[in-house]
Amino acid sequence: MKKLGLYCFGNDLRLHDLAPLRALAARVDHLLCVVCVDPALVVSSPHIVGDAPISKQRRQFLEESVAELAVSLDKLGQRLIVCRASARQGLAELIDRYPVDEVYRSRHPGSYERSQWQFLQKSFPTTRFQELDSHTLFNWEALPFAPAALPPTFSQFRKAIADLRVPQPLPTLTELPPPPDAMELPARDEVFLALGDDAKHFRFYGGEVAGLEHTQSYFDSDWPSHYKVLRNDLDSWHHSTKFSPWLALGCVSAREIVSQLRDYEARHGANDSTEWIYFELLWREYFQWYAYQHGNHLFRFKGIKQRKPLTSFYPERFRAWTQGETPWPLVNACMHQINETAYMSNRGRQIVASCFVHELQLDWRYGAAYFEQQLIDYDMASNWGNWQYLAGVGADPRGHRRFDLEKQARQYDPDGAFTRRWRGGETCAAIDSQDMVGWPCVDGSKNQ
């Protein structure tokens, strides 16, 4: 009897270095390829903010990536089924409709995604469910500790995995089992093939081909040898790797990047800059397992340390921060940049996050959720892990990361070029427009 498999694409929108799809393809005669575009994740942040949509750039990048995956699967005689529903709903309907024997996917660190996977396992006990690692550098089984015993700091994690070698990326799949015979598949989702007219204005183009081309182009240049001294630049395209959007959706695997990095070092020599690229990939790796270990604590006010910050939510301050109307020109410039491009340098992110938590004394989760909505390279684990770190409720052993905003401006924008370009001088003179004297009394008059 022929076996039918279902592969659920998620944080792995590619065909290279994809162990779970390769493993499933070797086990079944027919294959359903599915991606679930969960409205709860596309329309808003399910973690804290209500119904604000994600940025058009982030949505565009997702659409381009899914569209390109569909084209790549077509070339292998496959079809990509796009379910506009949660994995819990979309996969359940497909498993009910077709005699699916096995379901595979890449392991996901998110508690939301894991809970849906567990629901499906319980709902379909006769179907085999399997996860394999493809979003991380290392496999679960290779770690020198159980994921639940992740070292509490990055430094300890880095020492623990120092002797591990990153596996070589698997080659691109060139054949797959066909879709089921004589079965009517859902209609094609053409929305993902109709890209907006303004796509050409974005610097980042979604999909595996664009991601691999960008990676190759970067390592064909000499920029990697200068990365460490240039990485804090606030605006230049070439001064950082710009791998993050394709890493976030899995259009390019982290192992592929490490492989090309080592090839670059073999040709040009290793130095502090090339090692720093690997160092930052290890930070990303740490936060993936950090999210897997801590689950819903990643989104809680007290974080993983159960330490309540002395912050709250002030709507006026939050609006001023999101619109770039604070008393700090560099912060304003960075916020104008993210609102218009859906991207911000790592240095810029640290600056505006520090302002959010320490100067504006705002609940860090609202800043993390705003980044989730805006950033074209949003990665759940890295975003929420980094915000916890800076807010003093995460993995930072020092417990507090407060930046001197004037010093940051002098150091990283000494001539004010970045601030002028992104109109950071459009400031507000004060954090709040009202103080307690301006509040009305119960009878409607003002305090004097």
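Just after α14, Q361 takes a positive phi of about 55°; helices (H or I, at least four residues) and strands (E, at least two) are DSSP runs, numbered from the N terminus. This is a predicted model, in which local features need pLDDT of at least 70 and side-chain atom pairs count only at pLDDT 80 or more, while totals for chains, interfaces and linings use all residues. Residues are numbered from 1 along each chain as its sequence is written, and side-chain values use heavy atoms, with hydrogens and water left out.

Helix α14 itself covers residues 346-359, and at 1.5 Å a residue its 14 residues should span 20 Å, which agrees with the 19 Å between its end C-alpha atoms; the expected span is 1.5 Å times one less than the number of residues. The helix is mostly covered, since twelve of its 14 residues are buried, where buried means under 20% relative accessible area, exposed over 50%, and partly exposed in between (1.4 Å probe, protein chains only). Among the buried residues of α14 are R347, R349, H358 and E359, together with I351, V352, F356 and V357. What covers the buried residues of α14 includes α12 (315-323), α13 (329-341), α15 (364-374), α16 and α17 (405-412), with contact meaning heavy atoms within 4.5 Å.

In the protein chain as a whole there are 18 helices and five strands, and buried residues make up 56% of its 448 residues. Of the contacts in the chain with a separation of 6 or more, 79% are accounted for by residues 24 or more positions apart.

Rolling a probe the size of a water molecule over the atoms shows where empty space is left. On a 1 Å grid over the protein atoms alone, a cavity is a set of points where a 1.4 Å probe fits but cannot get out, whereas a pocket is an open set with protein on both sides within 12 Å along at least five of seven lines, and lining residues have an atom within 4 Å of a point. Grid points are joined across faces, edges and corners, and a volume is the space filled by probe spheres set on the points.

| Space | Volume |
|---|---|
| Largest cavity | about 830 Å³ |
| Second largest cavity | about 70 Å³ |
| Second largest pocket | about 310 Å³ |

Of the 41 residues that line the largest cavity, G10, N11, L41, H108 and E113 are the closest to its centre. The largest share of this lining, five residues, comes from α5, and the lining of the largest cavity divides into 24 nonpolar, ten polar and seven charged residues. Here Ala, Val, Leu, Ile, Met, Phe, Trp, Tyr, Cys and Pro count as nonpolar, Asp, Glu, Lys and Arg as charged, and the others, Gly among them, as polar. The second largest cavity is lined by residues including R107, H108, D133, H135 and W289.

In the second largest pocket, α10 gives the most to the lining, with four residues, and the lining comprises nine nonpolar, two polar and five charged residues.

The structure holds zero disulfides, a disulfide being a pair of cysteine sulfur atoms within 2.5 Å. The sulfur of C8 is 4.6 Å from the closest cysteine sulfur, in C36, which is too far for a bond. C8 counts as buried at 9% relative accessibility, and C334 is also buried, with a relative accessible area of 0%.
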